[in-house]
Amino acid sequence: MYRFNSYTITQLHDYTVQRLHSSTITQFNDSTINNMKIALAQINVIIGDFEHNTRKMLDYIQRAKSQEADIIVFPELATTGYPPRDFLEFSDFIEKAENAINRLKEASQGIAVVVGTPTVNPVVEGKDLYNSVVFLHDGKEIYRQHKTLLPTYDIFDEARYFEEASAWNIVEFQGKKIALTVCEDLWNLGNENPLYTINPMDEMMKHRPDFIINVSASPFDYNHATERIKILKENVKQYGIPLVYVNHVGAQTDIIFDGGSLAISPNQKVVKELPYFTESLEIVKVDELIKNQTEHQQPKEKIALIHEALVLGIKDYFGKIGFKTAVVGLSGGLDSAVTTVLAVEALGKENVRVLLMPSQFSSDHSIKDAKDLAENLGIRYDIVPIKDIFDSYLKELNPLFEGKPFDVTEENIQARIRGNLLMAISNKFGNILLNTSNKSEMSVGYGTLYGDLAGGISVIADVYKTEVYDLAHYINRDKEIIPLNTIQKPPSAELRPDQKDSDSLPDYDILDPILKHYIEGRKSPKEIIALGYDEALVNRILKLVNRNEFKRYQTAPVLRVSPKAFGMGRRMPIVAKYLE
């Protein structure tokens, strides 16, 4: 791994400050300010786009100044975007982050800027970088606090890049003592199975801070907002001081950040909760925060959150790559219908087109349902029958297949014909193909590589089939957008006569709970069977999950909305014999 060899005077000075555990940080104003105003800047950044990210923060600083804020707080690693992953191994990448901090210093005249950024570790031993939060004011970097607790689970891999903090202090500003923390540093409160051996806030409390600022990169899943508030309230309860917490918003490929930044009073009331899935700047007065007795929380309904997360995930995937238009294979089934609606919400109807590709096995009502949906949405649709193409495949393969019965081979040929047609539209017109596979299918391998598993992004592959039904009903909550027949008919791939999913799989209301217990719950077959599920069925389903890991390795990134999604957060070997 690389080693940085040049350090600024500021970095060396700050490193010295970090080593002096009991040092006194410069105090700017001895008189207590009773109306300190903190601006919570919940922003959507782009990984590695330093100019975009810096300009956005400079704009927010000006907005905060216009509202007479004393401090503005940005999220964790706001200069780089989160997670930057192996970009952190490029010295040029780190230099650009330093340049961003220098520009933010210049803008800190008359306002303190608190921002997350990677910083260089000048000590030879250990990792080359820290994950830091820096405190800027009047053109200077006053203090930096490094992150102590480096998560290495699920989607997180911070110990790969960062050295953990070894010193903890506070910064004094306008008569207030402030504890600066970074995300995970508030997630180790001595529970029954703590992940870490230290709690940095315990160390900072020795300096008797007045309140906590936490800069965070806390990704979305449908349970996480509630869990996050619970953890932060536990911190406030334990330490008896208010908390200001600022999170990212926006999608970074598969990972979605929901925002929901918070201000919590010492009596554990959520005084302010910023919107979900949108950028926001909100002002909190510290003394009012201390006195507040009223709870202000937003609704956290699971399907509504998933819906908004997926829309944002599509929108940012396209916007941050620089694409505008999408193509979807619309079959008349539920999965492609829900995916298409989400795409239209994210990109606009003028930027979504669909291809209907009926075969001799497609039912008339499926074709009608697909047309009705396209017309309800006002999007372009084209019909390209695949029967003649399929027949030509069979004709050419007949000498090789002679005497062999119709089986999954012929089914997969149809799926791959459709995949080729969709990719032809994608290539010719510059559209991104959206994958429409759901999590139930993705789990057990009910998808065809280079066919219906093709696509640039897997939109609903972290949404079980039963949840896809819930999403459809949510989409139709005000009026019928998805035809009712699409929702009500038995699910089928329609790759052979009268085919139904239930021919080879249990009903989804049985299958999905088994999958959840195994994938999200990490339960063994024995534990799942003990819950009342059929032993043979459980063993069959879990074997299907493990045997089809090779397919998941080759599919598009999956928008993460659950606590355990396929991809970075679930790393399984392809060649293995567990449960075989």
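**Surface, aromatic and backbone features of the predicted model**

Val575 is exposed, with a relative accessible area of 80%; here exposed denotes over 50% relative accessible area, buried under 20%, and partly exposed the range in between, with a 1.4 Å probe and protein chains only. The structure is a predicted model, in which local features require pLDDT of at least 70 and side-chain atom pairs pLDDT 80 or more, while totals for chains, interfaces and linings use all residues. Residues are numbered from 1 along each chain as its sequence is written, and side-chain values use heavy atoms, with hydrogens and water left out.

Val575 is located in the segment after α18 (549-553), where helices (H or I, at least four residues) and strands (E, at least two) are DSSP runs numbered from the N terminus. Together with Phe550, Tyr553 and Ile574, Val575 makes a nonpolar surface patch of about 430 Å². Patches comprise residues with over 30% relative accessible area and no salt bridge, with nonpolar side chains (Val, Leu, Ile, Met, Phe, Trp, Tyr) joined within 5 Å and like charges within 9 Å. A salt bridge is a side-chain nitrogen of Lys or Arg within 4 Å of a carboxyl oxygen of Asp or Glu.

Beyond its neighbours within four places in sequence, Tyr450 is in contact (heavy atoms within 4.5 Å) with Arg416, Gly419 and Gln554. The side chains of Tyr450 and Gln554 form a polar contact at 2.8 Å. Such a contact is a pair of N or O atoms within 3.5 Å; within protein, one must be able to donate a hydrogen and the other to accept it, and residues adjacent in sequence count only if both atoms are side-chain atoms. Asn485 is 35 residues from Tyr450 along the chain, and their C-alpha atoms are separated by 29 Å.

Gln414 is placed in helix α11 and is buried, at 0% relative accessibility. The side chain of Gln414 reaches the backbone oxygen of Glu410 at 3.3 Å.

Aromatic pairs were assigned to rings of Phe, Tyr and Trp (its six-membered ring) whose centres lie within 6.5 Å; planes under 30 degrees apart are stacked, over 60 edge-to-face, and the rest tilted. The count by this rule is 11. Tyr276 and Phe277 form a tilted pair, at 6.3 Å centre to centre with 45 degrees between the planes. Tyr276 is buried at 12% relative accessibility, and Phe277 is buried with a relative accessible area of 12%. Phe361 and Phe406 form an edge-to-face pair, at 6.0 Å and 75 degrees. Phe361 lies in the loop between β16 (352-356) and α9 (364-377) and Phe406 in that between α10 (387-401) and α11 (408-429), so this pair ties together parts 45 residues apart in sequence. Phe361 is buried at 18%, whereas Phe406 is partly exposed at 40%. Ring pairs also link Tyr82, Tyr153, Phe156 and Phe257 into a cluster.

Tyr82 is joined to Pro83 by a cis peptide bond, with omega about 0 degrees; Pro83 is in the loop between β2 (71-73) and α3 (91-106). Cys183, a residue other than glycine, has a positive phi near 40 degrees. Cys183 lies in the loop between β7 (176-182) and α4 (200-204) and is buried at 7%. For Arg208, phi is near 55 degrees, also a positive value in a residue other than glycine. Arg208, in the loop between α4 and β8 (211-215), is exposed at 66%.

How values were computed:
Accessible areas come from the Shrake-Rupley method with a 1.4 Å probe; for residues, only the protein chains shown count as cover.
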